[in-house]
Amino acid sequence: MSDELDLIKRELVVANRVLAFENVIDAYGHVSIRHPHNPNRMLLSWSRSPELVTLDDILEFNLDGSTVGGDPRPPYRERFIHTGVYLARPDVNAVVHAHAEDTLPFGIVDVPLRPVIHSGSFIGLKVPVWDIEDKFGPNTDLLVSDADQGGDLAAKLADANVVLMRGHGFTATASNLVDVVRLAVYLPKNARVQMKAMAMGAPKYLNAGEIGAREGGKYGAKTNVTQRAWTYWATRAGVTDMLPLADFSKGDPNLND
Ligand code: MN
């Protein structure tokens with residue numbers, strides 16, 4: 001294994017542990033990245049709870065959902081969420097699927113989930129809701145079980161960052177792993193604040209200008225402000241030994257907040 005690939009797999013282990021520790025994911029849910037050397041493949045654990053994932057658990061998959069190299073360990077049944085998104089969205093390189101409870105109400109009532117706090121800006125302006133019943137009828141078990149369903153979910157996601165899945169959970173996407181973890185961590189927090197606010201009155205949402213102001217390089221994965229969060233989460237999750245030694249302390253002071 002090349003050093004670079006090893007490093008990337010280590011970050012994927014960190015992502016698994018962080019999402020588990022921050023209660024975004026429990027026994028179920030998963031996080032993947034597109035393979036850095038082959039856009040037609042992805043890296044994802046075999047069917048193991050994210051809190052338990054180690055370097056050896058990360059497998060390589062083709063985008064038809066098959067494992068590369070015929071590893072005998074069982075894959076996540078819902079890997080087609082990830083393959084569907086990677087096939088439909090060449091700009092997406094990292095995907096999180098989870099069932100975080102606070103996001104679920106927005107999938108079953110006609111109230112859009114929208115950014116209400118600054119750290120929720122990465123959710124984006126619109127969050128579509130995918131209802132598996134629309135195309136696949138009333139007798140599914142709600143899980144994304146094949147390429148057809150994964151493709152349909154990705155079509156509903158369209159060019160958004162997040163899609164909610166009725167009665168099930170959410171799928172979050174980003175151009176890189178750190179961004180998608182941040183998005184997945186703040187999504188339930190934003191949902192909680194929005195629900196609390198709606199119990200009190202009509203919330204004031206972030207406007208398009210405020211959302212746009214936080215996109216792009218200012219909060220990019222390699223900035224100090226973002227690495228600060230990444231190392232914080234990794235430390236809480238007990239996996240700092242998996243991170244490369246990087247010093248972002250001499251970065252642009254304007255990138256701190
Ligand atoms: Mn699921």
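The lining of the second largest pocket comprises five nonpolar, six polar and six charged residues. Here Ala, Val, Leu, Ile, Met, Phe, Trp, Tyr, Cys and Pro count as nonpolar, Asp, Glu, Lys and Arg as charged, and the others, Gly among them, as polar. The model is predicted, so local features need pLDDT of at least 70 and side-chain atom pairs pLDDT 80 or more, while totals for chains, interfaces and linings use all residues. Residues are numbered from 1 along each chain as its sequence is written, and side-chain values use heavy atoms, without hydrogens or water.

A pocket is an open set of points, on a 1 Å grid over the protein atoms alone, where a 1.4 Å probe fits, with protein on both sides within 12 Å along at least five of seven lines; lining residues have an atom within 4 Å of a point. The second largest pocket holds about 330 Å³ of space. It is lined by 17 residues, and F122, N161, A174, S175 and D179 are the closest to its centre. Two elements, β7 (169–174) and α6 (177–200), each give two or more residues to this lining. Helices (H or I, at least four residues) and strands (E, at least two) are DSSP runs, numbered from the N terminus. Helix α6 provides the largest share of the lining, three residues.

One of the residues closest to the pocket centre, D179, also joins a salt bridge with R182 (2.9 Å, N to O). A salt bridge is a side-chain nitrogen of Lys or Arg within 4 Å of a carboxyl oxygen of Asp or Glu. Because R182 and D179 are three residues apart in helix α6, about one helical turn separates them. Both R182 and D179 are buried (under 20% relative accessible area; exposed is over 50%, partly exposed in between; 1.4 Å probe, protein chains only).

The structure holds 13 salt bridges. In one of them, the side chains of R41 and E60 meet at 2.8 Å, N to O. This pair links distant parts of the chain: R41 lies in strand β2 (residues 41–45) and E60 in strand β3 (residues 58–62), 19 residues apart. R41 is partly exposed, at 25% relative accessible area. R73 and D71 form another salt bridge, at 2.9 Å, N to O. R73 is partly exposed at 22% relative accessibility, and D71 is partly exposed at 24%. R73 and D71 belong to a network of salt bridges that also links R48, D56 and D57.

H97 and H168 are buried.

Strand β4 is also part of an open sheet of seven strands, with mixed pairing and the order β3-β2-β1-β4-β7-β6-β5. The edges are β3 and β5 (129–130); each has a single partner strand, so one side of each has no neighbour in the sheet. Two strands pair if DSSP finds at least two bridges between them. β4 and β7 pair in the antiparallel sense, over five bridges.

Definitions and conventions: Grid points are joined across faces, edges and corners, and a volume is the space filled by probe spheres set on the points.
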